[in-house]
Amino acid sequence: MAIWVFSSEVEGAPSPTSLELLTKARSLDTDVAAVYLGTSIEEAATVLGAHGAATVYHLSPAGALPAAGAAGALAELASAESPRAILFGMGPDDRDVAGRFSARTGTAVVANAIDIRLDGDTLIASNEILGGTVRVDTEVADRPGIVIARPKAFTAEPGDGAAATVTPVAMEDGRGTVLESHVEQSEGPDLTKADVVVSGGRGLGGADKFELIDKVAGLLGGAVGATRAVVDSGWVPYSHQIGQTGKTVKPSVYIAAGISGAMQHVVGMKDSGTIIAINKDPEAPIFGIADLGIVGDVNTVLPKLIEALEAR
Amino acid sequence: MRIAVCAKQIPDPATPYELDPETHFVVRPEEQVLDDTDRYGIEVALQLAEAAEGTVTLFSMGPAGSMQGIRQALAMGADKAVVIDDEGLRGSGALTTARVLAAAIEKEGFDLVIAGTESTDGYTGIVPQQIAELLDVPALTFARAFSHDDGKLRIERQTEVGYDVVETEPPALMTVTSGVVEPRYPTFKGIMQAKQKPVEQITAAELGIEETGSVAAGQAITAVSPVPSREAGLKIEDDGEGFAEIVKMLEERKVI
């Protein structure tokens, strides 16, 4: 009974979460395959193979929104090959394909998984609900079991696997046309890999104040994060968003400036090594998880912090 | 244009949620509020309807309670609501929810379905895609901007590295992020009118859906346990020297 991992292409390579999931999958089962949705298949086959996939089923999007076609092709493939489980990440294509596949095949989905295990033939997926305060273990009876996992739930480690054998899979044309693709470059270190993350929230008061965050991050060699509210307000691009609907980070040190600590945000950063919070509301929930909490105005504290760091 | 908007009533996120110790379902109070993420979809629907002389119908599955959340959505300007509530739906997973909503939307007729990207309380994040598949229409997902011209619906679809511009023709489904528009506040007139607007209450059986609840879930909860929470550390009032405590901790952690 194989375990399959869905992998969508992000900047020409398999998504980081798919490599985390392949690493997990190969610890559960000797029969692991990847389903790759993208164009750079040769490079992908090497990386996916190293992370545990013996086979990669290749779906090629052609200038169209691929989810409907991909889900249809995947349903036929799964019906022929009967995998025990198909694991997805939380990227937009992952969610689109998983949702459509689930509806098309009538299989249930466990979302936001942070752990997956096989107990004999029983597939159990665990997720955290209510903002990460309650853990739920769910036995997945459906075959294939569809599990959508949170980024960074597992650690990606390449093994000694050879390049995966590529099996092209035909898919129907997608529905909806992709007219343009834009990359919004973020400056500085990669948010998901940085050892220090400095994040700003609405407590900063305005887009022009966000440069304080950039400065502190720059001085500490860290990456810049933001809350959903800040991204929705257009202060910084979505690529900086941390939380349920953004990135998950686990740096050694996380500085939350002007962030109240809504559940939405906390699930994306609560596993950081040390959390330092600055907020003028003494009742802000962020203080409940902070190792150091400064009750004060970020616009007073940060300039002084910058001055002190610059003086070193 | 007939626009269907998925809307959910949830317990007020400002209050701590409780789980029923036996069923593990979230305890749903009589008074629930409109999920904040739905306000964006409603606003998009209202703007499209205003431009194209359309109608906006809300579709909601879940314990109806006092209908406070539904009235909040109607007060923004939606024309009517269809609420699917029956005891058998308790414990339903995402797929059953999608089947129920898709059946209700299909029964009513639609040109466009609009939903948020995920609910605040459950955040499974796949119900809209499931609905699109069940209705057999294209899905323009994760819209951070939208336009409707010449019969074509176009969005900026948020991706992991930026955005794509994608387009399709109705009938279709669209999911919207909370950056897409600034939702309007209900006016006093809107709040008064909302009380008179039609709210149709139906059951899953009336939609021809027999298997609901945990029977249809394809999965079973085997354990529920509290996650050990982080302990709060030192909390100090900034007296002008708060920054020094941060510097000290950064030194201790060898960041500087």
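**Exercise 1.** In this predicted model, determine which residue of β13(B) V295(A) stands opposite, and in which sense β16(A) and β13(B) pair.

*Solution.* Then widen the view to the two strands, where β16(A), residues 292-295, and β13(B), residues 234-237, are found to pair in the parallel sense over four bridges.

**Exercise 2.** Work out which residues of helix α6 of chain B are buried, which are exposed, and what covers the buried ones.

*Solution.* First, within α6(B), which spans residues 242-252, the buried residues are G242(B), F243(B), I246(B) and L250(B). Next, because these four cover an arc of only 105° around the axis, they lie on the same side of α6(B). This can be set beside the general rule that an α-helix has 3.6 residues a turn, so residues three or four places apart point the same way. On the other side of α6(B), the exposed residues are A244(B), K248(B), E251(B) and E252(B). Finally, the cover over the buried residues includes β14, β15, β16 and α8 of chain A, together with β13 of chain B. Beyond the helix, α6(B) is followed by K254(B), which has a positive phi, near 60°.

**Exercise 3.** Describe the side of chain B that touches chain A, by its contacts, its elements and its residue classes.

*Solution.* Start with the contacts, in which 65 residues of chain B meet 77 residues of chain A. The elements of chain B that give two or more residues to this side include β13 and α6, while β12(B) provides the largest share, eight residues. Sorted by class, the residues of this side are 34 nonpolar, 20 polar and 11 charged.

Technical notes
Residues numbered from 1 in each chain as written. Chains lettered and ligands numbered in written order. Predicted model: local features only at pLDDT ≥ 70, side-chain atom pairs only at ≥ 80, totals over all residues. Buried ≥ 20, exposed ≤ 12 C-beta atoms within 10 Å, placed from the backbone. Arc of directions from axis to C-beta. Contact = placed C-beta atoms within 7 Å. Nonpolar A, V, L, I, M, F, W, Y, C, P; charged D, E, K, R; others polar. Pairing = 2+ DSSP bridges.
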